[in-house]
Amino acid sequence: GRELSTHRGSTYNSYLIKDERSVLVDTVWDPFQEGYAKDIEAEVGIKNIGAIVINHVEPDHCGSLGRLFEAGLRPDTPIYCTKTGVDIIKKYFHNDGWNFQPVKTGDTVSIGKYELVFVEMRLIHWPESMMTFVKGPNVLFSNDAFGQHYCTSAFFNDEVDRAELYQEALKYFANILAPYTRLIEKKVEEVAALNLPIEVIAPSHGVLWRKDPQQIVRQYAEWAKNYSDGSVVVAYDCFYQATPQMAEAIAQGLFNRGVPYRLYHTADTDMSDLLTDLFRAKGMILGSSTINNTMHRSMAGLLDDVKGHKLRGKLGAAFGSYGWSGEAPKLIAAALKEAGVEVAQEPLRVQYAPTREELAACVAFGEQFAEAVLAGKK
């Protein structure tokens, strides 16, 4: 979708547990429901499905549920989901007649040799989200947690490029789960306390974690604790060359103090990728020339994303060039404060084209910001 780029594609993972009762864990997005129904029919027969687990009701995971009933799923097939999940499924499908079986953390269901254990994941990232653990094969069906928008010919983490996998896992976390880091931190501790012998983590997007599956749990715990790699993002939008010159001079100041930086023109940058770098950065220096007494729309959109994703523990600053009114830097600084970013220094403005002295002031601005970043690491 437009809200999140998926450069390496994505997958919609639905799982079938074969036991005395065949159990379907989640479904797929409804544009793929016909092929999905045919695959299930060929594999086990839709009428032979003994139960369905819906870990998450978002349409990319629950969307084919109605089609399965149309294709022969028995009307009394139990649907295991959270109590809130029941309410949301009814709102999506407008059907009160299905056999809902609401569950909560610690509830179990025997399906033959195996036993299902349910773990609620409220607001990670929807109110009804949960995970399902299968005792026996010791597989954790984690739905959106631990996933990646990453479509490969392989199924498992030890079969793919680790750098690509972690890049996509970080992007997924930064763009989807960042607003919920405090809840995730508590949930990771709660799941650890359950002492589940997890051998495979099977998310609903991307590859499954079978080699050291706890690596992604440990990584989530790290990402959830005001994570940063100590870098700074310098991002700007502009009309001509004054604001870019300022940005490059500010970046030089960061470089002079040994602080790594990434430089972006927001109008030409994928916002999902930029938000990922903002998530892992310690600081953000954002600039815009002034247009119609305000900032460029790409910068306004970026600041909305920063606020919505609740990026914690970040430092910020603002800059920009102007012709006659020059409001943009102050508006950016105010938006940073509103987003919970600590504004480390007063905004910097240059009228029309920067002089040599003004560019030197931009370098000093970057050096000053770098000192604040370095002081925060001590």
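Predicted model: local features only at pLDDT ≥ 70, side-chain atom pairs only at ≥ 80, totals over all residues.
Which residue in E12 is the bridge partner of Tyr236?

1. Strand E11. The bridge partner of Tyr236 in E12 is His265, and this pair belongs to a parallel pairing of E11 with strand E12 (residues 261–265) that runs over five bridges. Along E11, Val232, Val234 and Tyr236 point one way while Val233, Ala235 and Asp237 point the other way, and all of them are buried. Because six of the six residues of E11 are buried, the strand is largely enclosed by the rest of the structure.

2. Helix H10, its length and buried face. The buried residues in H10 are Ser298, Met299, Leu302, Leu303 and Val306. Seen down the helix axis, the buried residues of H10 fall within an arc of 135°, and they therefore line one face of the helix. An α-helix has 3.6 residues a turn, so residues three or four places apart point the same way.

3. Surroundings of H10. The buried residues of H10 pack against strand E11 (232–237), helix H9 (271–280), strand E13 (283–288) and helix H11 (328–338), whereas the face of H10 turned away from its buried side carries the exposed residues Arg297 and Asp304. After H10 comes Lys310, whose phi is positive, near 50°.

4. Ser289, in the loop between E13 and H10. This serine is buried, with a relative accessible area of 5%, and its side chain is joined to that of His296 by a polar contact of 2.7 Å. Leaving aside residues up to four places away in sequence, Ser289 touches Asp237, Cys238, Phe239, Thr243, Thr294, Met295, His296, Ser321 and Ala328; Asp237, one of these contacts, is also among the buried residues of E11.

5. Lys171 forms a salt bridge with Asp273, with the closest N and O atoms 2.9 Å apart. Since Lys171 lies in helix H5 (residues 162–177) and Asp273 in helix H9, the pair ties together parts that are 102 residues apart in sequence.

6. Other salt bridges. A search of the whole structure finds 19 salt bridges, and two further examples may be worth a look in the viewer. The side chains of Arg67 and Glu70 meet in one of them (3.5 Å, N to O); being three residues apart in helix H3 (residues 65–70), Arg67 and Glu70 are separated by about one helical turn, and Glu70 is exposed, with a relative accessible area of 61%. The side chains of Lys104 and Asp107 likewise meet in a salt bridge (3.5 Å, N to O), where Asp107 counts as partly exposed at 23% relative accessibility.

Note on methods
Residues numbered from 1 in each chain as written. Heavy atoms only, no water. Buried < 20%, exposed > 50% of the residue type's maximum accessible area, 1.4 Å probe, protein only. Helix = DSSP H or I, 4+ residues; strand = E, 2+ residues; numbered from the N terminus. Arc of directions from axis to C-beta. Contact = heavy atoms within 4.5 Å. Polar contact = N/O pair within 3.5 Å; in protein donor to acceptor, adjacent residues only side chain to side chain. Salt bridge = Lys/Arg side-chain N within 4 Å of Asp/Glu carboxyl O. Pairing = 2+ DSSP bridges.
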